[in-house]
Amino acid sequence: MKLLEVRNLKKSYKSKEVLNGISFDMDKTETVVVIGPSGTGKSTMLKCINRLVEPDDGQILLNGMDVMKARKIEKIRQRIGMVFQDFNLFNHLTVLDNVRIGPLKVKKLQKNVATELAMENLKKVGLTSEAKSYPSQLSGGQKQRVGIARALAMNPDLILFDEPTSALDPELIAEVLEVMRKLALDGMTMLIVTHEMGFVREIADRVIFMEKGEIVESGTPEKIFNAPEKERTHQFLAQFTKFGREK
């Protein structure tokens, strides 16, 4: 059984069709990266998967459980974590409290257990020394690593990453990508939307190229970058090489 199955996923806003029948699946421990032009529905797809946005049609299965029919959305979000491009931290809470709030409020863990869990995950992202700091005292890269620790603290089956480095200065991007690289090596199942093409080449088990709400092509990084079947895929990737954006 696949860990994630997405079938014929559709979403429109008024008359604008954002997702036009998206279908793909993922195995446990797999890292799948979604690339494509801005405004093509990649972020909407992620938000539909953990029901931050309600799809219009289609099916989403997580380990065989129908995500679309689940009545308690918080149960879904325990199992499908999400890391946002704009961090989404609680500015009035410390780093520690940001990470342990999910285990406390949703999983109903005892405070000492939630604290230990939070510190374990802050260690994974290299931020135990900032546990008592507030988000305003952190760099963008540190904030994003807190966001990753927060997702990990829920022990999810899958983590969704929505352009996790897009809001960061160039020198801070590497620290976030390094954490994600380690997660992949540790076997975390990840679905990532990003424009960091060098990272995609290195970390992805599979790459999906989307445009205009549809999957144009998918395959291994070697196939997509070196021998794409579709001319549109080639045109898109050529822009990164042309302007020196690929690293």
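A definition to begin with: a residue is buried when its relative accessible area is under 20%, exposed when over 50%, and partly exposed in between, using a 1.4 Å probe and protein chains only. By that rule Asn63 is partly exposed, because its relative accessible area is 33%.

Now the ground rules. This is a predicted model, in which local features need a pLDDT of at least 70, side-chain atom pairs count only at pLDDT 80 or more, and totals for chains, interfaces and linings use all residues. Residues are numbered from 1 along each chain as its sequence is written, and side-chain values use heavy atoms, with hydrogens and water left out.

Confidence next. pLDDT is the predictor's confidence in each residue, from 0 to 100. The protein chain averages 94, and 97% of the residues score at least 70. Over residues 243-247, however, the pLDDT is below 50. Beyond near neighbours in sequence, that stretch has 8 contacts in the model, a contact being heavy atoms within 4.5 Å.

Back to Asn63. The residue sits in the loop between β4 (57-62) and β5 (65-66). Helices here are DSSP runs of H or I with at least four residues, strands are runs of E with at least two, and both are numbered from the N terminus. Asn63 has a phi near 50 degrees, which is positive in a residue other than glycine. Phe87 also has a positive phi, near 75 degrees. Its loop runs between β6 and α3. Is Phe87 buried or exposed? Phe87 is buried, because its relative accessibility is 13%.

On to strand β1, residues 4-13, which holds Arg7. Arg7 has 32% relative accessibility, so it counts as partly exposed. Leaving out residues up to four places away in sequence, Arg7 touches Ile22, Ser23, Phe24, Asp25, Gly58 and Gln59. Arg7 and Ile215 are 208 residues apart in sequence, yet their C-alpha atoms are 12 Å apart in space.

Helix α1, residues 42-49, is next. Why is helix α1 described as largely enclosed by the rest of the structure? Because 7 of its 8 residues are buried. Those buried residues are Lys42, Ser43, Thr44, Met45, Leu46, Cys48 and Ile49. Take Thr44, one of the residues of α1: at 14% relative accessibility, it counts as buried. Beyond neighbours within four places in sequence, Thr44 contacts Lys11, Tyr13, Val18 and Leu19. After α1 comes Arg51, with a positive phi near 60 degrees.

Now the interior. A nonpolar core is a set of buried Ala, Val, Leu, Ile, Met, Phe, Trp, Tyr and Cys residues joined through side-chain atoms within 4.5 Å. The largest one has 46 residues, and Ile35, Ile148 and Phe161 touch the most other members. Helix α6 provides the largest share of this core, 8 residues. Ile35, setting aside neighbours within four places in sequence, is in contact with Lys42, Thr194, Met197, Val200, Val207, Ile208, Phe209, Met210, Phe236 and Leu237. Another core lies apart from the largest one, with 30 residues that include Cys48, Leu62, Leu158 and Ile208.

Last, the pockets. On a 1 Å grid over the protein atoms alone, a pocket is an open set of points with protein on both sides within 12 Å along at least five of seven lines, and lining residues have an atom within 4 Å of a point. The largest pocket has a volume of about 510 Å³. There are 18 lining residues, and Arg77, Met82, Phe84, Arg150 and Met154 lie nearest the centre. Two or more lining residues come from each of α2 (73-79), β6 (80-83), α3 (95-105) and α5 (140-152). Which element gives the largest share of this lining? That is α2, with 4 residues.

The second largest pocket has a volume of about 190 Å³. Its lining consists of Asn121, Lys124, Leu152, Asn155, Pro156, Val179, Lys182, Leu183, Asp186, Gly187 and Met188. α4 (111-124) and α6 (170-185) each supply at least two of the lining residues, and α6 gives the most, with 3. So much for the walk-through.

Note on methods:
1 Å grid on protein atoms, 1.4 Å probe; cavity = no way out; pocket = protein on both sides within 12 Å on 5 of 7 lines; lining within 4 Å. Points joined across faces, edges and corners; volume = space filled by probe spheres on them.
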